[in-house]
Amino acid sequence: VSDKEATLVEPMAIALRLIKKSNSIIGKKVAVLGAGTIGLLTLILAKQAGAKVLVSDVFEEKLKVASDLGADITVNVIQKNLLQETLQWSSNIGADIVIETAGIPKTAEQAIEIVRPAGKVIIAGLSTEPAKISPIDIARREIKIEGSVYYVEEFSESLS
């Protein structure tokens, strides 16, 4: 592969791992929080897997790229309320799967807020700062939370 392509192998491996952890996502509503490299690659793979995808970020230029790559909806969280936008997009249910890639406490908090009851949150963004998450919200809504930082076979798949 070219040097330019090689720079995307590792982030693509992470995105592949996130999609695998999502299980079957055909027709599901997936929210990707963060439109950086990993978030955008996750968007591409989720769309290829048949999901409807919302992408949020604070930078309009990143959201434009997400839109160009096929996001069904983009939300600038500085300008709009992510929960309200997600509920409107999901017929007042919430996202089936939320994939947090930004790595800041606020997006971890938003992930819990916008996932539907019995939905799944996958945290991939790395932050050492604590997030304010209420255990009662997780328990009452039976939210599944999973972390993702490793990849094994995804690296060679990404290279392919």
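Predicted model: local features only at pLDDT ≥ 70, side-chain atom pairs only at ≥ 80, totals over all residues.
**From N76 into the sheet**

N76 is found in strand β3, residues 73-76. Residues are numbered from 1 along each chain as its sequence is written, and side-chain values use heavy atoms, with hydrogens and water left out.

Is N76 buried or exposed? N76 counts as buried because its relative accessibility is 7%. Buried means under 20% relative accessible area, exposed over 50%, and partly exposed in between (1.4 Å probe, protein chains only).

Now look at its surroundings. Leaving aside neighbours within four places in sequence, N76 is in contact (heavy atoms within 4.5 Å) with D57, V58, E60 and L63. A polar atom of the N76 side chain lies 2.9 Å from the backbone nitrogen of I78.

Next comes strand β2, residues 52-57. Five of its six residues are buried. Four bridges join β2 to β3, and the two run parallel. Two strands pair if DSSP finds at least two bridges between them. D57 stands opposite N76 in β3. Strand β1, residues 29-33, also pairs with β2 in the parallel sense, over five bridges. There, K29 has K52 as its bridge partner in β2.

β1, helix α3 (residues 37-48) and β2 make a right-handed β-α-β unit. β2, helix α4 (residues 60-68) and β3 make a right-handed β-α-β unit too. Right-handed means that, with the strands pointing away from the viewer, the path from the first strand over the helix to the second runs clockwise.

Conventions. Polar contact = N/O pair within 3.5 Å; in protein donor to acceptor, adjacent residues only side chain to side chain.
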